[in-house]
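Dear colleague,

My notes on it come directly after.

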Amino acid sequence: MGDNGRGVLQMNDQTAATRIEIKDDFLVPKQEIEEDDDSPIEQVRLTVPINDDPNIPALTIRTWVLGILSCVVLAFLNSFFGYRQNALSIGSIIAQIVTLPLGKAMAASLPEKMIRLPLTKLEFSLNPGPFNMKEHCLITIFSSCGAKGVYALSIVDIVLAFYHRKLNIFAAFLLAQTTSLLGYGWGGIFRKFLVDSPYMWWPETLIQVSLFRTLHEEEKRKKRGFTRLQFFVLAFISSFGYYLFPGYFFPSLSIISIGCLIWKDSVFAQQLTSGQYGLGLGSFTLDWNSVIAFNGDPIATPFFAIVNTFVGFLLVSYILIPILYWYNIYDARKFPLISSATYDSTGQHYNVTRILDEKNFDINKVGYEGYSKLYMSLFFAINYGLSFATLTAAISHVFLFHGRSIWKLFSKANAGLKQKFGDIHTRIMKKNYEAVPDWWFHIILVIMFALSIFAIEGFNKQLQLPWWGLILACAMAFIFILPIGVIQATTNQGLGLNVITELVIGYIYPGKPLANVAFKTYGFISMRQALNFVQDFKLGHYMKIAPKLMFLVQLVGTVVSVTVQFSTTWWLLTSIDNICDVSNLPKGSPWTCPGDDVFYSASIIWGVIGPKRMFTSEGVYPELNWFFLIGLLAPVPVWLISRKFPDKKWIKLVHMPVLLAGASSIPPGRTVNMWMWVAAGTYFNYYVYKNHKAWWAKYAYVLSAALTAGIAFMGTLLYFAIQSRIDGIEWWGLDNNDHCHLARCPTAPGIQVAGCPIF
């Protein structure tokens, strides 16, 4: 590992670790911190350089050209292929790798000519020098804007393709832009807490930092060793070549459940051993994509977060669920053990057309009362309860463990006190670059809020949401940004507001499906966009890029991405006959819109049926409301014990929001994904980190980036070169499942389901 201003790795680790003491006031380091102190987080010390040259050009003509080009291409491709049966998702890591040789080629070929912008005194150079890491980082931020989907476009999809109703194009465009940009105002308000603090370290950004250093820094190869770039190339080629098997020839490698191959005719055995439809005992995967699919990158997740997640997963999956299923709570045995579908009282899929008054966008009460209450699989129902508990636990946890330090920082910031704050990275940024003025964020917030009001109240109120609903959605986003941001910044585990927003508006304003999904989008996505903004700001913080440039790139990238994705969506929905309508599409048509049917069903469940008919005495699941109180109180015993025994540092590592969310990815995630995620994370972040720290510091994040990049490139190649044109070979291993079909069967007497035995 090269010096890069860091000196001897082991010496820096020890000195930094002994000079900074982690206390409850985690946002404010000790006053005696010296100028040369590094980060208090060891993973940051091992990954992020502590030097900076503020004279390196960052926002160059190469940045604009390659950044906007990659943003447009990724936005179009992800939007276009998102409507097809085999949906394709292309991440920013592909652009990160492809733009490196393009940037170097521009640096080698363009003349060093100065160009003056017309009618201004501004000028720029076509070739400001060698292609550098800061340019590359800004280009990647551009591309990441294009790689992220626009959640609000799902509303456009269900209105045009599922409800078959008209929607004003300008209302739809404003909905897409405002929901994506509103969060930038929130992010600016909270950046002093979530970016400047050295304890808000955003683990996932370290993978990007490691990859940038691997691609740009010169490193001398040691005898019988590899440089990081050599290691990356070898791991990338291996991942690229290997994914040909689980990605095309042998998809069954994604889930292997040994028990199902032994007990082929036993429902009970397959429920226990299936990694896809059951509890996953003895199941495993030989596909890295399955490891990272639903829980994120395990190498980027701190070990204490992995342990908390695993404990929560075990308690729910192997204690709570089996007990409730055995005693047939909520008629659980009428339905599959794990499923995200909805059911009626006979164990069949819920027929929403029987309860919907399509003309008035409201519930048909006569149809509903003559049909059935809505039921869910036991795992799905319990996870709704756990999502309630996780949100209240997040507020309680941050208030108890971090409230005092947040209040101190807030008070000092408002009082205008000048004091030494943060680690070396924060001090470098404050010394070398101007911060983004607060009024920039305030203007965005005001403008986007005004345009949001216009979008929902204008255009004949097609979105159904009244103005007070927007205010309430924004209030919910504002309340949860800080607690959820603190959790994500320290554990790499993100929490969403999609369920709680659906629940709130469903109670207050029932019977309006579009109002429900619009409220969910403004509440959930504005918070998510704020955290995406802050996380990218932290990446720029580590890469020592001027905050104003980061702000400009993110703003422009988001506007460009949303415009491209909206245009692609509107074009497809208005030009392809019967798009998303599987029953009326021609045979073999790829335009099936996978995922939008779930969004459509959610608009019926929460908007038409409403939570009152689900989570009160009128429905099946009123007891789940107790999870709100359980989550609120869960962090209290941990906090009290930590105060009683302050010397026991491990007590503070018991993180109740993460623990309660341990099984929250199931469904749609699967038990095999969790088992393998925990195994990979434990191996790298406990065993390797503890016993081979030098190797971990040099290669761990590089390996993670290489494995993911290899899969992304091979997946893209397979899609365009093979799967989009010809059918695959037919054999047993081609099935993308674990051959545990009986695990989906109900076990209640008399329930008839195709392909299942009747008990």
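The notes below begin with the whole protein and then turn to individual residues.

This is a predicted model, in which local features need pLDDT of at least 70 and side-chain atom pairs count only at pLDDT 80 or more, while totals for chains, interfaces and linings use all residues. Residues are numbered from 1 along each chain as its sequence is written, and side-chain values use heavy atoms, with hydrogens and water left out.

Overall form

The protein contains 28 helices and eight strands (DSSP runs numbered from the N terminus: H or I of at least four residues for helices, E of at least two for strands). Along the principal axes, the C-alpha atoms fill a box of roughly 75 × 60 × 60 Å.

Of the 759 residues, 58% count as buried (under 20% relative accessible area, with exposed over 50% and partly exposed in between, using a 1.4 Å probe and protein chains only). Among contacts (heavy atoms within 4.5 Å) with a separation of 6 or more, 80% join residues 24 or more positions apart.

In soluble globular proteins, nonpolar side chains tend to be buried together. The largest nonpolar core here has 215 residues, and Ile-158, Leu-194, Phe-232, Tyr-522 and Tyr-621 touch the most other members. Helix α21 (residues 513-543) gives the most to this core, with 17 residues. Such a core is a set of buried Ala, Val, Leu, Ile, Met, Phe, Trp, Tyr and Cys residues joined through side-chain atoms within 4.5 Å. Beyond residues up to four places away in sequence, the contacts of Ile-158 include Leu-514, Val-517, Phe-599 and Tyr-600.

Val-553, in helix α22 (residues 547-575), counts as buried because its relative accessibility is 0%. Apart from its neighbours within four places in sequence, Val-553 is in contact with Leu-59, Leu-138, Ile-141 and Phe-142.

Thr-205 belongs to helix α8 (residues 203-216) and, at 4% relative accessibility, is also counted as buried. Residues up to four places away aside, Thr-205 touches Gln-535, Leu-539 and Tyr-542.

Tyr-371 sits in the loop between α15 (365-369) and β8 (375-376), and its relative accessibility of 16% makes it buried. Among its contacts beyond four places in sequence are Asp-344, His-349 and Tyr-350. Tyr-350 is 21 residues from Tyr-371 along the chain, and their C-alpha atoms are separated by 9.6 Å.

Backbone features to check

Most residues other than glycine have a negative phi, and most peptide bonds are trans.

- Ile-666 and Pro-667 are joined by a cis peptide bond with omega of about -25 degrees; Pro-667 lies in the loop between α26 (656-660) and α27 (671-691).
- Trp-202, not a glycine, has a positive phi of about 45 degrees. Trp-202 is placed in the loop between α7 (169-194) and α8 and is buried, with a relative accessible area of 1%.
- Cys-580 has a positive phi near 75 degrees. Cys-580 is in the loop between α22 and α23 (596-609), buried at a relative accessible area of 6%.

With kind regards
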